[in-house]
Amino acid sequence: MTDRRRLVENIWNARGARARMMRALLSPFELLYGAAVATRGKLYDWKIFRAAEFSVPVLSVGNLSVGGTGKTPVSAWLARRLIDKGVAPAIVLRGYGGDEVIVHQRLNAGVPVIASADRIRGIREAIAQGADIVILDDAFQHRRASRDADVLLVNADAWTRKRRLLPAGPWREPLGAARRATLVIVTRKTADRAVVGDVTRALGNAAPRVPVAAVHLLPGELRSTATGQTLPLHTLEDAELMAIAAIAQPDSFFKQLTELGAVVRPFSFPDHHAFTRAEARKLAREAASSDFVVCTLKDAVKLEAIWPAEAGSLWYVSQRIRVEDGQQHIDRLLDDLSSPTL
């Protein structure tokens, strides 16, 4: 699985002659995929395909590309903002790999999290559990479920001027699909603000009537999976650490740790990788000379139960969100969704 994932990402992103040739060979399939996506979209736009309606507001958080835009932390953050407004949200997601369900439960204890491949059934279950509003995590393309607002995330860290559709590239839909969104949020971990500006201008051309905000995903505090102890991030300055990431675009996570002043030894795995006890023991042995072993929250919920006790603490950092631009657009969206007259 690791080798297959790396092969796919190399085809999508590499600049060499072989990768360019593979993308060229995949171009006919890209055209077919694009035509199928466009046709499906028109059938919904023309109301030939009908979307199910619900008795509470539905907010979709999604993206146009495969993985890595920050859907889980942004969805959880929006849920907290709605709780602050006196609304009772629930999260509905497909639950691929199981890790996002536990992550949401950690980030927002007490908020119902329903995993269902059938989002319509999941929404109905959330309503039955008393939700005032349902947040769909990763559902921009899931148009069978009607929604009152669509938040679309675009990742500045993975931004390229040439955007190719599956299977020749990671894009599920072209940038023009952003016209369906209620709000676009440009996310970044380590990308420069100048790149955010490039993304914002491209969105302005592709979807000129859709408001755009920008947020910075930053590491939160350092927390032990064994004891719950927390340490400030400056603890990592000059520390030698092993970093583990089984997420989309793990290099952004490694770079975040490097920017904190740590000396990082990276170990990456495919997104949603299911760690085995043998892998955990091997990683623990590799980490014997490290000051810390640090992973993401998404990886911690899978590794903590199998991490060897004799290896010491496994630490994780989750992502916190800082709004850099467009706060007024985010506030207006949340006010509209929490209004009792919706």
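Author: Let's start with aspartate 150, which is buried, its relative accessible area being 7%. Keep in mind that this is a predicted model, where local features need pLDDT of at least 70, side-chain atom pairs count only at pLDDT 80 or more, and totals for chains, interfaces and linings use all residues. Residues are numbered from 1 along each chain as its sequence is written, and side-chain values use heavy atoms, with hydrogens and water left out.

Reader: Why is aspartate 150 called buried?

Author: Buried means under 20% relative accessible area, exposed means over 50%, and partly exposed is in between (1.4 Å probe, protein chains only). Aspartate 150 has 7%, so it counts as buried.

Reader: What makes arginine 147 and aspartate 150 a salt bridge?

Author: The rule asks for a side-chain nitrogen of Lys or Arg within 4 Å of a carboxyl oxygen of Asp or Glu. Here the closest N and O atoms are 2.8 Å apart, so the pair qualifies. Arginine 147 is buried too, at 17%.

Reader: How do you know whether aspartate 331 is buried or partly exposed?

Author: Its relative accessibility is 26%, which is between 20% and 50%, so aspartate 331 is partly exposed. Aspartate 331 also forms a salt bridge with arginine 81, at 2.9 Å from N to O. Arginine 81 is in helix 3 (residues 71-84) and aspartate 331 in helix 10 (residues 327-338), so this pair ties together parts 250 residues apart in sequence. Helices here are DSSP runs (H or I, at least four residues), numbered from the N terminus.

Notes:
Helix = DSSP H or I, 4+ residues; strand = E, 2+ residues; numbered from the N terminus.
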